[in-house]
Amino acid sequence: GHAIMVSTSACYNSNCSGSSSRSFSVSDTQGNTYACTPNGPFGFTGVALNTCATLNSAAAADTVTCSCSGGTCYYLQCYVSEWFGLASSNVYDADGSNTGTGTSASISTSSPTTNATDLVYSYATSFTNNGSPGTGYQLVNTGSGGNIDEAKSVNSTGTQTATWTFSPSQTWFSDVVAFKAAGGGGSSPPPPTLMLQGVGDD
């Protein structure tokens with residue numbers, strides 16, 4: 001089967017400011033169960049975000065719904081991609097998050113990965129323009145309002161870092177998630193392959 005990966009983000013108020021928290025959940029018309037990153041959701045000043053995934057989804061038409069709870073959610077975003085070649089269980093290897101202001105962003109996993117063959121995925125949101133993927137990363141989705149995601153395959157363990165560039169300088173929020181590839185621990189399994197992608201917002 002295929003894996004469906006979903007990143008969500010929302011603001012706490014119409015100004016995307018203040019301190020609070022939000023939780024996210026994902027469902028789809030196939031009835032798949034989604035598990036989110038072990039350390040998420042990631043909360044920042046004004047914004048919360050998280051990445052979730054379901055494994056072994058059937059190859060059939062599907063509609064994904066992202067939900068936000070814990071308070072009113074503004075500008076809810078839902079970024080969906082379908083992948084072939086991820087592990088069929090225990091897919092999360094490591095994750096992390098970061099925020100900053102400037103023309104470049106760097107987000108590292110909070111712990112080193114333990115699986116040699118991973119898909120490193122990052123979702124970023126900002127208040128103005130979309131960012132550009134970092135070196136070696138493939139653009140997955142791009143939407144309105146400064147939201148974007150990227151991914152790349154790696155073949156070694158260690159702390160994994162995603163990068164972005166922005167123009168002009170802006171405040172950004174991002175996570176990075178290392179997903180185990182199928183056949184992890186093998187010599188050279190094929191890298192995960194992006195099959196489909198889509199964007200929704202509220």
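Which residue in E13 is the bridge partner of Leu119? It is Phe179. The notes below start from the whole chain and work back to that pairing. The model is predicted.

1. Overall make-up. The chain has 14 strands and zero helices. Along the sequence the pattern is β-β-β-β-β-β-β-β-β-β-β-β-β-β.

2. Size and shape. A compact globule of 202 residues would have a radius of gyration near 17 Å, and the chain agrees with that at 16 Å. Along the principal axes, the C-alpha atoms fill a box of roughly 50 × 35 × 25 Å.

3. Burial and surface. Of the 202 residues, 50% count as buried. The chain exposes about 8,500 Å². Carbon and sulfur atoms supply 48% of that area.

4. Contacts across the sequence. Take the contacts between residues at least 6 apart in sequence: 80% of them join residues at least 24 apart.

5. Strand E9. This strand covers residues 118–126. Nine of its nine residues are buried, so the rest of the structure largely encloses it. In a regular strand, side chains alternate between the two faces of the sheet. Both faces of E9 are covered. Asp118, Val120, Ser122, Ala124 and Ser126 are buried on one side. Leu119, Tyr121, Tyr123 and Thr125 are buried on the other.

6. Partners of E9. Strand E12 (residues 147–154) runs antiparallel to E9 and is joined to it by eight bridges. Here Asp118 stands opposite Val154. Strand E13 (residues 161–180) is also antiparallel to E9, with nine bridges between them. This is where Leu119 meets its bridge partner, Phe179.

7. Aromatic pairs. How many aromatic pairs does a search of the whole structure find? It finds five. In one, the rings of Tyr74 and Tyr75 have centres 6.2 Å apart and planes at 55°, so the pair is tilted. Tyr74 counts as partly exposed, at 31% relative accessibility. Tyr75 is partly exposed as well, at 43%. Tyr79 and Tyr123 form an edge-to-face pair, 5.4 Å centre to centre with 65° between the planes. That pair links distant parts of the chain: Tyr79 sits in strand E7 (residues 74–84) and Tyr123 in strand E9, 44 residues apart. Both Tyr79 and Tyr123 are buried.

8. Aromatic cluster. Tyr92, Tyr121 and Phe179 form one aromatic cluster. Two of these names have come up already: Tyr121 is among the buried residues of E9, and Phe179 is the bridge partner of Leu119.

9. Cys36. This residue lies in strand E3 (residues 35–36). Is Cys36 buried or partly exposed? Its relative accessibility is 26%, so it counts as partly exposed. Beyond its neighbours within four places in sequence, Cys36 is in contact with Phe24, Asn50, Thr51, Cys52 and Tyr92. Tyr92 also belongs to the aromatic cluster.

10. Thr54. This residue lies in strand E5 (residues 47–57). Its relative accessibility is 2%, under the 20% cut-off, so Thr54 counts as buried. The side chain of Thr54 reaches the backbone oxygen of Thr33 at 2.9 Å. Leaving aside neighbours within four places in sequence, Thr54 is in contact with His2, Ala3, Ile4, Asn32, Thr33 and Tyr34.

Key: Residues numbered from 1 in each chain as written. Predicted model: local features only at pLDDT ≥ 70, side-chain atom pairs only at ≥ 80, totals over all residues. Heavy atoms only, no water. Helix = DSSP H or I, 4+ residues; strand = E, 2+ residues; numbered from the N terminus. Buried < 20%, exposed > 50% of the residue type's maximum accessible area, 1.4 Å probe, protein only. Polar contact = N/O pair within 3.5 Å; in protein donor to acceptor, adjacent residues only side chain to side chain. Contact = heavy atoms within 4.5 Å. Pairing = 2+ DSSP bridges. Rg over C-alpha atoms; globule rule 2.2 N^0.38 Å. Areas by Shrake-Rupley, 256 points an atom, 1.4 Å probe, with all protein chains shown as cover. Phe/Tyr/Trp six-rings, centres within 6.5 Å; stacked < 30°, edge-to-face > 60°.
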